[in-house]
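Student: I would like to go through some of the terms used for this structure. Please set each value against its definition.

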Amino acid sequence: MEFQDEAFVLSARAHGDTGAVVELLTESHGRRAAYVNGGASRRMRPFLQSGARVVAQFRNRTADQLGSARLEPVGEGPSALFDDPLALLGLNAAAAVVQGALPEREPHPGTFLAFEAMMNTLAFPDLWPAIYVRFEAGLLEDLGFGLDLSRCAATGSMDELIYVSPRTGRAVSREAGQPYADKLLKLPQFMLGAQAGVGEGDVRAGMDLTGHFLEQFVFHALNKPLPPARVWMIERLTEAGRL
């Protein structure tokens with residue numbers, strides 16, 4: 001089987017003396033692993049960083065076999081972020097979450113587009129952390145675990161939605177949730193629409209929210225913890241006063 005697809009590199013590890021096994025998020029064929037001949041070479045190494053965009057030509061003999069791929073770089077990739085360690089942490093966290101959460105070889109074009117959109121915001125320090133939260137919310141939805149933030153789970157009201165049930169992922173209004181506020185997750189208003197601003201503490205609340213459901217619905221089922229790269233990103237953003 002042979003095919004060509006646009007892709008982002010998620011990770012790469014050396015394999016043998018000269019090659020590398022590369023994990024890719026493709027536009028139309030989902031998460032794919034492939035052997036890249038010469039992937040350990042100095043020439044190829046810059047193209048195998050997390051977030052690098054490539055055109056990949058895949059080839060494998062059978063559907064369940066690790067195939068091979070030839071990669072052609074597109075654009076300058078993550079090298080433009082080398083002067084911004086926090087943005088690189090955001091990129092690595094997103095790549096690790098995608099690699100850990102997506103089943104292999106299952107098409108998820110929505111996740112590809114969300115990853116692409118997030119990549120395009122990493123050069124804007126004040127913007128990308130909130131977009132990262134929306135990226136994870138979109139990933140949950142793409143996997144069938146979308147949050148229902150349209151109306152209050154208890155009353156049906158669409159007003160003053162400020163909580164989320166940690167069990168169901170449904171929004172709860174201020175009035176209905178007040179007696180149980182210590183047991184509910186905070187719903188940052190920027191997750192309800194683009195017109196809402198990002199207030200103090202909102203991004204941290206958003207990361208707590210999406211992290212809870214990624215852990216509960218996705219990673220727990222796979223018997224895996226949330227990726228360490230995501231934990232490091234949150235720690236560094238907190239230290240930098242960005243959360």
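Predicted model: local features only at pLDDT ≥ 70, side-chain atom pairs only at ≥ 80, totals over all residues.

Student: What makes the positive phi of Arg 105 worth a remark?

Tutor: Most residues other than glycine have a negative phi. Arg 105 is not a glycine, yet its phi is positive, about 65 degrees. Arg 105 sits in the loop between α1 and α2.

Student: Why is Arg 105 called partly exposed?

Tutor: Buried means under 20% relative accessible area, exposed means over 50%, and partly exposed is in between (1.4 Å probe, protein chains only). Arg 105 has 26%, so the term is partly exposed.

Student: Why does Asn 223 count as exposed?

Tutor: The relative accessibility of Asn 223 is 71%, which is over 50%, so Asn 223 is exposed. Asn 223 is in the loop between α5 and α6. Asn 223 also has a positive phi, about 60 degrees, although it is not a glycine.

Student: Is Leu 226 buried or exposed, and how do you know?

Tutor: Leu 226 has 17% relative accessibility, which is under 20%, so Leu 226 is buried. Leu 226 lies in the loop between α5 and α6. Leaving aside residues up to four places away in sequence, Leu 226 touches Gly 211, Leu 214, Glu 215 and Phe 219, where contact means heavy atoms within 4.5 Å.

Student: Which residues of α6 are buried, and why are they said to line one face?

Tutor: In α6, Ala 229, Arg 230, Met 233, Ile 234 and Leu 237 are buried. Seen down the axis, they fall within an arc of 140 degrees, so they line one face of the helix; the arc is that of the directions from the helix axis to the C-beta atoms. These buried residues pack against α1 (85-101), α3 (128-142) and α5 (202-219).

Student: What is the angle between α1 and α5, and what is that arrangement called?

Tutor: The angle is about 25 degrees, with the axes 11 Å apart. Axes are lines fitted to C-alpha atoms, for helices over the stretch in contact, and angles run from 0 to 180 degrees between N-to-C directions. Angles under 35 degrees count as roughly parallel, over 145 as roughly antiparallel, 65 to 115 as roughly perpendicular and the rest as oblique. Therefore α1 is roughly parallel to α5.

Student: What are the values for α2 and α3, and what is their arrangement called?

Tutor: Their axes come within 9 Å and cross at roughly 175 degrees. That is over 145, so α2 is roughly antiparallel to α3.

Notes: Residues numbered from 1 in each chain as written. Heavy atoms only, no water. Helix = DSSP H or I, 4+ residues; strand = E, 2+ residues; numbered from the N terminus.
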